[in-house]
Amino acid sequence: MAMTALDPRVALIVIDMQRGIALRDNLAPYPASEIVDRAGQLVDRFRKYGQLVVMVNVDAVPPGRTDRNSGSARPQLPTEWTELIDEFAPEPDDLVVTKHSRSAFAGTALLEELRSRGVTQVAVVGIASGAGVESTARDAHEAGFNVTLPTDAMTDSDGERHAHSVREVFPQIAETGSTAELLELLDATAQ
């Protein structure tokens with residue numbers, strides 16, 4: 001686990017810090033309050049250095065039949081469920097993406113938006129490690145971005161799924177480390 005460098009244009013992608021997800025109390029290994037704090041520190045620092053912040057919410061249950069979804073009609077989620085929590089209210093220079101499945105890239109214009117801004121690296125944080133964060137990180141890697149994952153700025157409803165993603169998946173698609181390491185790299189790069 002080591003974060004080695006940041007590209008000149010790096011974007012922070014914040015996954016699903018919305019009322020219906022980030023206010024739950026069944027998250028592991030970190031409670032929502034810790035993720036809000038760490039991800040919030042990253043948002044502040046990215047903004048301070050003029051780097052792109054992407055606020056992502058999800059407005060639907062992923063389509064298709066799975067063992068956990070019978071494939072019946074997709075339920076409509078209440079509007080307040082999709083609203084970003086106050087700590088992650090977008091600022092004018094932020095990009096806001098509403099996704100309709102796990103990945104922030106699937107069926108959205110995120111790839112084109114990042115490319116048009118010259119972004120070559122992304123850092124991904126939020127909820128859930130083994131779902132929205134992992135899917136977005138995988139798609140970013142497949143699209144050719146350098147991917148950085150501060151694993152203490154993400155959590156999951158299943159602690160074992162978080163651990164599996166951190167241990168088995170993330171090292172194959174990203175550099176991993178801590179929020180503190182990423183903040184240090186941001187400060188060092190800005191000097």
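In which loop does A128 lie? A128 is found in the loop between β4 and α5. The model under discussion is a predicted one, and the points below proceed from the whole chain to individual residues.

**Overall architecture**

- The protein contains seven helices and seven strands.
- Read from the N terminus, its elements follow the order β-α-α-β-α-β-α-β-α-β-β-α-β-α.
- The radius of gyration is 16 Å, which agrees with the value near 16 Å that a compact globule of 191 residues would have.
- Along the principal axes, the C-alpha atoms occupy a box of roughly 55 × 35 × 30 Å.
- Among contacts with a separation of 6 or more, 82% involve residues 24 or more positions apart.

**Surface and charge**

- Of the 191 residues, 49% count as buried.

- Helix α5 spans residues 129-142.
- Its buried residues include S129, G132, V133, E134 and T136.
- The cover over the buried residues of α5 includes the strands β1 (10-15), β3 (95-99), β4 (121-127), β5 (146-150) and β6 (154-155).
- Helix α6 (159-173) also belongs to this cover.
- After α5 comes G144, which has a positive phi near 95 degrees.

**Backbone exceptions**

- Most residues other than glycine have a negative phi, and most peptide bonds are trans.
- The peptide bond from I127 to A128 is cis, and its omega is near 10 degrees.
- P29 is located in the loop between α1 (19-22) and α2 (32-48).
- D16, a residue other than glycine, has a positive phi near 55 degrees.
- The position of D16 is in the loop between β1 and α1.
- Is D16 buried or exposed? With a relative accessible area of 4%, D16 is under the 20% cut-off and therefore counts as buried.

Terms used
Residues numbered from 1 in each chain as written. Predicted model: local features only at pLDDT ≥ 70, side-chain atom pairs only at ≥ 80, totals over all residues. Heavy atoms only, no water. Buried < 20%, exposed > 50% of the residue type's maximum accessible area, 1.4 Å probe, protein only. Helix = DSSP H or I, 4+ residues; strand = E, 2+ residues; numbered from the N terminus. Contact = heavy atoms within 4.5 Å. Rg over C-alpha atoms; globule rule 2.2 N^0.38 Å.
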